[in-house]
Amino acid sequence: MSQRTELNRRTFLRNAGMAALVGGVGVKSSEAATLNAQGSTQSATGRYDFDTIYSRVGTNSSKWDAQIAKFGREHVQVGMGTADQDFRIAPAITRALRARIEHENYGYLTIPDSYRESIVDWNRRRYGLEIDPETIRHSDGVHPAIISSLRAFCPPRSKVLLLTPNYNGFYTDIRVVNTVAEESPLRLVNGRYEIDFEDFERRIDHDTHAFILCNPQNPTGNVWSREDLMRLGEICTRRRVVVLADEIHCDFVTNGNVYTPYATLDDPEVVRNSITYKSVSKSFNLSAMKCAYLFSSNPDYLDRISGAGQHRQSMNTLGIVAAEAAYNECEDWLDQLIGYIDETQSFVEAFVRTHVPHVQFVKPEGTYLAWLDVSDAIDRVGAMPAVAGDPQATPETTFQRYLVEHANIHVNPGSSYGVGGAGRMRMNIATSRQLVELALSNMAGALARA
Ligand SMILES: Cc1ncc(COP(=O)(O)O)c(C=O)c1O
């Protein structure tokens, strides 16, 4: 381990008072409570604190606890897989939830107009996107909404278009409804992924009925331009392919880039050929509160989703309370977080360039995900899948295990993101920068020792 790496570890431990996290002994489910007891979320100057480590260990977190259960506490110093945040949520959300739980009854509820209005106001205020409240349908997640849409438009065994590398969860949705992913690989040009429009259109035939657009794209971090979206939209409209626009990551846009909602494209025909999916889950870290929504200017599409797609609107009481507070009261918190994430992405870029040989990283345009190029690192550690072991193993899953065992960090293997994911790992950086630095230092140390 280099001197710098060792110094980072020591500084980190001193600042965080987290010997238990690193030593891996005596960790109990009370770990989170003990570590989080002190510290406030907002200073007198109005700045929110994203730096203080907020432990989630012992809270059934899939990013931390599920990996600890699988690999052992000593091997998961930093969980960076599942796409959620480690930060404390905005205080106004906690206040709203506290007020609601004072009333001790959680029977069936009517989704209040005020929640729908908060969705409309938020999208108008931030993105100039006008949503007719009558066209909003509610869902307990983007996945269930996409699944019912695929059911509505895609007969069994038909093809669903994706630009890849793409979010691994879509492959499950596509499988669940007995359809098949048709992958159009993005082209890597000077470190940036671009759409190959000829390839995209060539893949459409009589058996292709839907295209799942991911804007911004998980895991590459592309924030698609108005021109790119228009070209995709024109192809899909002309070829009668419905556009399912998943914009769940839209609030995280860095580098001065601009998110263009698909529903703001200039051609009403192109917009009418689409459904948009959104949620407070990524932006305000409310994913397990289960509140998402879809909307479309096409009443026929909405009818088909609730009819043939069998979509049943379903939400939970606390989710609605949290989402409404987020949209109405927490814009400042989110703006500060976006700035923090932007700086962390720049930090990762600089740190990787200077201290992590065999890894390359280009700062993305959006999302809180870092899509690392680890092809040289995989070669260096000889991360070839064991022949007799797991038949699903890939160099990336083998490298994932290598990093768990030698760097004590958990990141996602690129091979789970479809064509183009080879030689890549996805690192979720929505955590304290101290932990990001520790993770990268550990990675550098492991690769130096390899
Ligand atoms: C692009 C994208 N869509 C959907 C989801 C999941 O959405 P939900 O939890 O609302 O079902 C994720 C989660 O990582 C995602 O990255």
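A residue is taken to be near a molecule or strand if one of its heavy atoms lies within 4 Å of it. The views show a predicted model, in which local features need pLDDT of at least 70 and side-chain atom pairs count only at pLDDT 80 or more, while totals for chains, interfaces and linings use all residues. Residues are numbered from 1 along each chain as its sequence is written, and side-chain values use heavy atoms, with hydrogens and water left out.

**View 1. Residues around the ligand.** The ligand is surrounded by Ala 83, Gly 141, Val 142, His 143, Tyr 167, Cys 214, Asn 218, Asp 246, Ile 248, His 249 and Lys 282. By class, this shell has five nonpolar, four polar and two charged residues, where Ala, Val, Leu, Ile, Met, Phe, Trp, Tyr, Cys and Pro count as nonpolar, Asp, Glu, Lys and Arg as charged, and the others, Gly among them, as polar.

**View 2. N and O atoms at the ligand.** An oxygen atom of the ligand lies 3.0 Å from a backbone N or O atom of His 143. An N or O atom in the side chain of Asn 218 is 2.9 Å from an oxygen atom of the ligand, and an N or O atom in the side chain of Asp 246 is 2.6 Å from a nitrogen atom of the ligand. Of the 400 Å² of accessible area that the ligand has on its own, the protein covers 91%, with areas taken from the Shrake-Rupley method with a 1.4 Å probe.

**View 3. Two cis peptide bonds.** Thr 164 and Pro 165 are joined by a cis peptide bond with omega of about 5°, and Pro 165 is placed in the loop between β3 (159–164) and α8 (168–176). Helices (H or I, at least four residues) and strands (E, at least two) are DSSP runs, numbered from the N terminus. A cis peptide bond also joins Asn 218 and Pro 219, with omega of about 15°; Pro 219 belongs to the loop between β7 (208–214) and α10 (226–238).

View 4. Most residues other than glycine have a negative phi. Gln 310, which is not a glycine, has a positive phi of about 55° and lies in the loop between α13 (299–306) and α14 (317–329). Gln 310 counts as exposed, at 59% relative accessibility, where exposed means over 50% relative accessible area, buried under 20% and partly exposed in between (1.4 Å probe, protein chains only). Thr 367 has a positive phi near 75° in the loop between α15 (331–355) and β11 (369–373), and Thr 367 counts as buried, at 0% relative accessibility.

Terms used:
Polar contact = N/O pair within 3.5 Å; in protein donor to acceptor, adjacent residues only side chain to side chain.
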